[in-house]
Amino acid sequence: MDVLKLLYDYFPMAVYTGMSLVFISEEYRVELTQHKRTDYSQPKDSLPLVRVRIFKKALNGEFVPGHYEDFQLPSLSELATQIERYVQFAVGKNIRENV
C-alpha cells in the first residue's frame, strides 16, 4: 500500500515525487517518506511508518535538516490529521494552505 499517494489527496499543496511527498515554502521544506514495516508483530494490513522531516532554510539559501518524527497510526484520516498538526506546530503554518 502506498500511503504517500493516499496522503497526497489529503494534502493538495504537496508535490509527490514518487518517493516522497514534499511541501516547500520560502522558509521550510517538509518531506514525508514511507518506510517498510520493521515491526512484524503489527497486522499485515496496518499502515506503514511515515517519517516527517522538517528542513529550515539557512542564510545561504540551502535547506538544513532539522528534526523528524515517525508516525504509524491505524487509520489514514488519523495519520493525516496528526501529521498536519505536527507540521503546523513545528513550522507555525497550516500545510494544507501553504508551508
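Two strands count as paired if DSSP finds at least two bridges between them. Keep that in mind for the start of the sheet. One caution: this is a predicted model.

So, the sheet. Strand E1 and strand E2, residues 20-24, pair in the antiparallel sense, over 2 bridges.

Now zoom out. The sheet is open and has 5 strands. The order is E1-E2-E3-E4-E5, with antiparallel pairing. Which strands sit at the edges? Strand E1 (15-16) and strand E5 (63-71), each pairing on one side only.

Next, the helices. Helix H1, residues 3-10, packs on the sheet. H1 touches E1, E2, strand E3 (28-35) and strand E4 (49-57). The direction of H1 makes about 140° with that of E3. Helix H2, residues 76-91, lies across E3, E4 and E5. H2 runs at about 20° to E4.

You will find threonine 33 in strand E3. Is threonine 33 buried or exposed? Relative accessibility is 17%. Buried means under 20%, so threonine 33 counts as buried.

What does threonine 33 touch, leaving aside neighbours within four places in sequence? The list is Leu4, Met19, Ser20, Leu49, Val50 and Arg51. There is also a polar contact, side chain to side chain, between threonine 33 and histidine 35, at 3.1 Å.

To recap: an open sheet of 5 strands, H1 packed on that sheet, H2 across E3, E4 and E5, and a buried threonine 33 in E3.

Key
Residues numbered from 1 in each chain as written. Predicted model: local features only at pLDDT ≥ 70, side-chain atom pairs only at ≥ 80, totals over all residues. Heavy atoms only, no water. Helix = DSSP H or I, 4+ residues; strand = E, 2+ residues; numbered from the N terminus. Contact = heavy atoms within 4.5 Å. Axes fitted to C-alpha atoms, helices over the stretch in contact; angles between N-to-C directions. Buried < 20%, exposed > 50% of the residue type's maximum accessible area, 1.4 Å probe, protein only. Polar contact = N/O pair within 3.5 Å; in protein donor to acceptor, adjacent residues only side chain to side chain.
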